[in-house]
Amino acid sequence: MTTIATHASASTVRLGMWLFLASEAMLFGSLVSGYALLRAGAPAWPSSEGVLNLWLALGQTLLLAAATLTSPRGLASTAVRGRLLAGGALALVFVCVKVVEYGAKLDANLTPAANLLLASWFTLTGVHAAHVAGGALAAAWLAGPGWNVAEGRRSARLDALGLYWLFVDAVWLVLLVGFYLV
C-alpha cells in the first residue's frame, strides 16, 4: 500500500508542476506578447545599445545554466542536498546581480518612465528575477524541511524543481534574445 501511496503522491507532484508551469507560460507569454506588440507598434523603438549590457546578461545566463545543471533530477542521496543548496546559491547570485544592475540603471536616471524599452525590460526581467528567487527558495526548502519525505516523493520533487529550472532558463533565453540581441 505504501508504494501505491508514494506513486500517487509523486504523480500529484508532477501534475501540479505541469499545471503550474502552464500558468507561468501564460503569464510570461502575455508579458512577452505585450512587449512584442509595443515594440512592433512603436513608431521608433529606443536602442538597447549603451543602455543594456549584453556581457552582463551573458554572465547571468551562465549563472542560470549552472543553477540548472546543479539541480539533481532523479537523485535522492543525501549528497544531493549540497547540489540543491549550490543551485539555490547560484540563483541568488543571479538575483543579486540583477538588483545591482537595477540600482545602477536607476542611479543613471534610466527608469521605467524613461521609455518603453526600459519599462518593458524592468517589468519582464523583474518578474523573471522573482521566479529565480522563488526557485532558490524552493531548492533551499527541498534541501531542508522538504527533504524528510518518502524517497519516491522526494524524487518527484527533485524532478519538479528540475522542470522549473528548465522553464526559468527558457524564459531567460527569450528575454536575452528579445532585449539584448534583436
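Contact means that heavy atoms lie within 4.5 Å, and helices are DSSP runs of H or I with at least four residues, numbered from the N terminus. This is a predicted model, in which local features need pLDDT of at least 70 and side-chain atom pairs count only at pLDDT 80 or more, while totals for chains, interfaces and linings use all residues. Residues are numbered from 1 along each chain as its sequence is written, and side-chain values use heavy atoms, with hydrogens and water left out.

The predictor's confidence in each residue is given by pLDDT, from 0 to 100. The chain averages a pLDDT of 91, and 91% of the residues score at least 70; confidence is lowest in helix 1, at a mean of 86, and highest in helix 4, at 97. Where pLDDT is low, the predicted coordinates should not be read in detail.

Helix 3, residues 80-107, has 28 residues and reaches 41 Å from its first C-alpha to its last, close to the 40 Å expected at 1.5 Å a residue, where the expected span is 1.5 Å times one less than the number of residues. Among the buried residues of helix 3 are Leu 84, Gly 87, Gly 88, Phe 94 and Tyr 102, buried meaning under 20% relative accessible area with a 1.4 Å probe and protein chains only. The buried residues of helix 3 pack against helix 2 (54-70), helix 4 and helix 5. After helix 3 comes Asn 109, whose phi is positive, near 60°.

On a 1 Å grid over the protein atoms alone, a cavity is a set of points where a 1.4 Å probe fits but cannot get out, whereas a pocket is an open set with protein on both sides within 12 Å along at least five of seven lines, and lining residues have an atom within 4 Å of a point. The structure holds one cavity of 30 Å³ or more, and its lining includes Leu 84, Gly 87, Gly 88, Leu 161 and Trp 165. Helix 2, helix 3 and helix 5 each give two or more residues to this lining, with the largest share, four residues, coming from helix 3.

The largest pocket has a volume of about 160 Å³, a volume being the space filled by probe spheres set on grid points joined across faces, edges and corners. Among the residues that line this pocket are Met 17, Phe 20, Trp 141, Arg 157 and Leu 161, and the largest share of the lining, four residues, comes from helix 5.

Definitions and conventions. Buried < 20%, exposed > 50% of the residue type's maximum accessible area, 1.4 Å probe, protein only.
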